Amino acid sequence: MTPSHPLTVANSRLRLGGLTITQCDATTCGATCVLAARLLLQEAAPGRLLRAAAASAAPGRTGRALADRVAALQRSLQTAMNRRGLGPLPWPRALGSTPWSVARAMGWIGRYGVAMVRDQGAPWGSAVEECRAHLARGHPVLLLTGGPLIPPVGARGAFGRRLRDVAARVPAVPRHYVLAVPWTLLGRTDPGAGRVYIYEPSSGGVRPLDLLAVRGNHGAGPRELGYWPRVLALIAPTGRS
């Protein structure tokens, strides 16, 4: 992004016209990542959104009008995605959006697919390098993050040990979407091996993250992953048009 571009990263936040782009509620993280990708890749989209907000705003209320339009776009994207959240079947809004519907929503770039991953070991290293290769070509990648169904937080003694043992046997469950952003779209250089720039929609933050850094299976993860410890899936171009 050039300094004159209406979409900027200021104070490690993705901002449009002074508004930090964040999800409007707890269920729209996937839709917000898709919207952020569109604003970053479609050069005319940020300006159109700003002009539409200004045209509809009451005097002195342009910021509020812009926030309302961004929220409305998130909800409309989510509604469209969830209409066929599980193949031909709808998906309830209260549960967010499925990774397959998010992949379809990225189809305006090219065909995207869902790859379930285990974010440890040699296969994960290969997946990270493939992710970085997509980013180097200018294609965003979405990460589905999550953690244990019952985080053993604050539990101590024998009960705490038993709860941790149970949690260790329960697979991580999906919780949140974040967006890996091509560094060229941010006007930045390659952050280095294993590292990517992540847009996290609950805060609007844009920060580099080392995806190869060791993370625990339980407890809090890094803020770039929405404080979830695991990456469960990558939603990326399939290589087919």
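Select His176 first: beyond its neighbours within four places in sequence, His176 is in contact (heavy atoms within 4.5 Å) with Gln23, Cys29, Leu143, Leu144, Thr145, Glu200, Pro201, Ser202, Leu225, Gly226 and Trp228. Before you go on, note that this is a predicted model, in which local features need pLDDT of at least 70 and side-chain atom pairs count only at pLDDT 80 or more, while totals for chains, interfaces and linings use all residues. Residues are numbered from 1 along each chain as its sequence is written, and side-chain values use heavy atoms, with hydrogens and water left out.

Stay with His176 for a moment. His176 sits in strand E6, residues 173-181; helices (H or I, at least four residues) and strands (E, at least two) are DSSP runs, numbered from the N terminus. Is His176 buried or exposed? With 6% relative accessibility, His176 counts as buried, because buried means under 20% relative accessible area, exposed over 50%, and partly exposed in between (1.4 Å probe, protein chains only).

**Next stop: the core**

Select Leu143, Leu179 and Tyr199. Among the 59 residues of the largest nonpolar core, these three touch the most other members. Helix H1 gives the most to this core, with 9 residues. Such a core is a set of buried Ala, Val, Leu, Ile, Met, Phe, Trp, Tyr and Cys residues joined through side-chain atoms within 4.5 Å. Around Tyr199, setting aside neighbours within four places in sequence, you will find contacts that include Leu14, Ile21, Ala36, Val178, Leu179 and Val206.

**Then: helix H3**

Select residues 62-82. Helix H3 has 21 residues and reaches 30 Å from its first C-alpha to its last, close to the 30 Å expected at 1.5 Å a residue. The expected span is 1.5 Å times one less than the number of residues. Among the buried residues of H3 are Leu66, Val70, Leu77 and Met81. What do the buried residues of H3 pack against? Their partners are strand E2 (13-16), strand E3 (19-20), helix H1 (29-41), helix H2 (45-56) and helix H4 (99-105).

**Last: the salt bridges**

The whole structure has 7 salt bridges, each a side-chain nitrogen of Lys or Arg within 4 Å of a carboxyl oxygen of Asp or Glu.

- Asp68 and Arg64 form one at 3.1 Å, N to O. They are 4 residues apart in helix H3, which means about one helical turn separates them. Asp68 is partly exposed at 42% relative accessibility, and Arg64 is partly exposed at 43%.
- Glu129 pairs with Arg132, with their closest N and O atoms 3.8 Å apart. These two are 3 residues apart in helix H5 (residues 121-136). Glu129 is partly exposed at 40% relative accessibility, whereas Arg132 is buried at 11%.
- Asp119, Arg215 and Arg230 are linked in a network of salt bridges.

An α-helix has 3.6 residues a turn, so residues three or four places apart point the same way.

Finally, zoom out to see the whole protein chain, with its 6 helices and 9 strands. Of its 241 residues, 46% count as buried.
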